[in-house]
Amino acid sequence: MDHSFRRTVGEHRDAVRALLSALAPALGTETVPLAAAAGRILAADLRAPRSLPPFDNSQMDGYAVRAAELAAGPGPTLARPIPAGADAPFLEPGTAAPIMTGAMLPRGADAVVPVEATDPPSFPAFVAGDAPYDADARVAFPSAVPAGQFVRAAGSDIAAGATALRAGTRLRATHLGLAAALGVAGLGVLRRPRALLLSTGDEVAAPGAPLGPGQIHDANTTLLAVLLADAGWEVRAAGISADSVGAFGDALARELAPVAGSGEAGYDLVLTSGGISKGAFEVVRLALCARGVDFGSVAMQPGGPQGAGLLELPGARPTPFLAFPGNPVSSFVSFELLLRPALSDLLGLPPRRVVEARLAEGIGASPAGKLQALRAVFSPGGAGGAGEIRPVGGPASHLLHALASANALILVPAGTTAASAGDTVEALLIGENP
Ligand SMILES: Nc1nc2c(c(=O)[nH]1)N[C@H]1C(S)=C(S)[C@@H](COP(=O)(O)OP(=O)(O)OC[C@H]3O[C@@H](n4cnc5c(N)ncnc54)[C@H](O)[C@@H]3O)O[C@H]1N2
Ligand code: MOO
């Protein structure tokens, strides 16, 4: 491989995909209780161990009846009420059984008449147990009731043995509610991949720490940790390494030392920020260019400087490694354009949506030959019309405030250097995934 690459966004994205492609099969699985499975990836198809509903039951508070009897002649007399959570006794011909929503439909019945459709429109006192059972209580029923009315048939939601959830599903509340209804207490999910995050720079201090002259607070650790955690990763934030090749190498070696007893490093990805461009103290590049990592430039702005490779440190397992640029917006754009697509492929992370939108104001000075990602606010159009998009801040990669107020990245193609108000552009939505 060329050790100082120049790549298009697509080429580097593919390189990142290739680097991480071994990840999913190597993750292994674990079984977790349902409440802990939210956001995790289902490891194998879940087959329904029973039907839902498990038995025919009533959809209304009312009376279980034989529909044909109502049309035929004198109304049925009242049987004893059917308690919920119990086996329903056979419905004798000529009778109607008071039944509550969810109670088992008695054999012999084929429809339910809601109580408000009868006369009187409320249950006699014995139904609630407020009076002794009264075989002489009379209720008038409508005469035309279709068979099946208000009956929830066994298996009408899902039949026993059918596939309830597919392997690869990123589990949400609705999936887990279904598993719970099927009586499944825990699910086999992919082990969460583990990432090690390391920020670099003598000028960078942890949020909360006092700042010396020329120092700034570390935005990247938080930004990247949250992006990875949202994507289902377990993240160890190893802090900030000084701008010294020795200190950086020591920090990496310490973090990647084999986990006691397992003989393996515990990370599936190491991600650094900063220290990779053309300065005099580019620690990441200097420390790792001879250790399996390639550094170079990708035709995008922000996010041009990049490093990627299989990190080889003595005593540690080769580990996928990515180096993002230090500017916070560059790190964010690198995650969205280069890393997220690989995570979507591997881990079922929903891809970001790309939309077309009309520019509310013109844009200019996009660098020739580079894809530019401009921060912007997208407003969806009404009634099928294209939405509108308005750039916020500017193209520079230190503008975190503008990034925080953006919900989209305008993607200005490599061949375009300017566009006018009213032109249609493509934008990546970076707000909540649908
Ligand atoms: N002569 C050149 N200089 C630069 C070039 C170039 O092509 N020629 N490229 C510029 C571009 S583009 C970028 S992006 C940056 C990338 O630089 P590095 O990845 O080496 O990052 P640093 O120099 O360490 O930092 C850049 C910038 O970001 C700030 N920073 C770093 N870490 C953090 C953090 N964790 N939280 C907040 N801010 C951080 C740092 O203070 C710098 O201001 O290089 C350009 N230079
Ligand atoms: O690529 Mo740098 O990320 O423009 O600021």
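## Ala365 and its loop

Ala365 sits in the loop that runs between strand S21 (354-359) and strand S22 (371-379). Is Ala365 buried or exposed? Its relative accessibility is 71%, so Ala365 counts as exposed, the cut-off being over 50%.

## The chain as a whole

The extents of the C-alpha trace along its principal axes tell you more about the outline: they are about 100 × 60 × 45 Å. As for burial, 44% of the 434 residues count as buried.

How confident is the predictor? The mean pLDDT of the protein chain is 93, and 96% of the residues reach 70 or more. For the complex, the predictor gives an ipTM of 0.98 and a pTM of 0.85. One friendly reminder for anyone zooming in: where pLDDT is low, the predicted coordinates should not be read in detail.

## Around ligand 1

There are 21 residues around ligand 1, and the ones that come nearest are Glu203, Asp218, Ala219, Ile276 and Gly326. Sorted by class, this shell is made up of seven nonpolar, 10 polar and four charged residues. Which elements each supply at least two residues of the shell? They are strand S12 (194-200), strand S14 (216-217) and helix H8 (328-347).

Ala219, already named among the nearest residues, places a backbone N or O atom 2.9 Å from a nitrogen atom of ligand 1. Asn220 takes part through its side chain, with a polar atom 3.4 Å from a nitrogen atom of ligand 1. Asn327 contributes a backbone N or O atom, which lies 3.2 Å from an oxygen atom of ligand 1. On its own, ligand 1 has 870 Å² of accessible area, and the protein covers 66% of this.

## Around ligand 2

Which residues surround ligand 2? The shell consists of Gln301, Pro302, Gly303, Gly304, Pro305, Asn327, Ser330 and Ser397. By class, these residues divide into two nonpolar and six polar, with no charged residue.

Oxygen atoms of ligand 2 take part in several polar contacts. A polar atom in the side chain of Ser330 is 2.4 Å from an oxygen atom of ligand 2, and a backbone N or O atom of Gly303 is 2.5 Å from an oxygen atom of this ligand. Asn327 turns up here too: an N or O atom of its side chain lies 3.5 Å from an oxygen atom of ligand 2. So far as Asn327 is concerned, its backbone makes a contact with ligand 1 and its side chain makes one with ligand 2.

## Cis prolines and another positive phi

The bond that joins Leu52 and Pro53 is cis, with omega about -15°, and Pro53 belongs to the loop between strand S3 (46-47) and strand S4 (57-58). Asp119 and Pro120 are also linked by a cis peptide bond, with omega near 0°.

Pro120 is located in the loop between strand S8 (111-114) and strand S9 (151-152). Phe150 lies in the loop between S8 and S9 as well, and its phi is near 55°, a positive value in a residue other than glycine. With a relative accessible area of 27%, Phe150 is partly exposed.

Pro413 is in the loop between strand S24 (408-412) and strand S25 (424-429). Its relative accessibility of 43% makes Pro413 partly exposed. How far apart in space are the C-alpha atoms of Pro413 and Lys370? The distance is 7.0 Å, with 43 residues of sequence separation.

Ser273 belongs to strand S16 (residues 269-273). Its relative accessible area is 3%, under the 20% cut-off, so Ser273 is buried. Val284 is 11 residues away from Ser273 along the chain, and 8.5 Å separates their C-alpha atoms.

Conventions
Residues numbered from 1 in each chain as written. Chains lettered and ligands numbered in written order. Predicted model: local features only at pLDDT ≥ 70, side-chain atom pairs only at ≥ 80, totals over all residues. Heavy atoms only, no water. Near = heavy atom within 4 Å. Polar contact = N/O pair within 3.5 Å; in protein donor to acceptor, adjacent residues only side chain to side chain. Areas by Shrake-Rupley, 256 points an atom, 1.4 Å probe, with all protein chains shown as cover. Helix = DSSP H or I, 4+ residues; strand = E, 2+ residues; numbered from the N terminus. Nonpolar A, V, L, I, M, F, W, Y, C, P; charged D, E, K, R; others polar. pLDDT = per-residue confidence, 0-100. Buried < 20%, exposed > 50% of the residue type's maximum accessible area, 1.4 Å probe, protein only.
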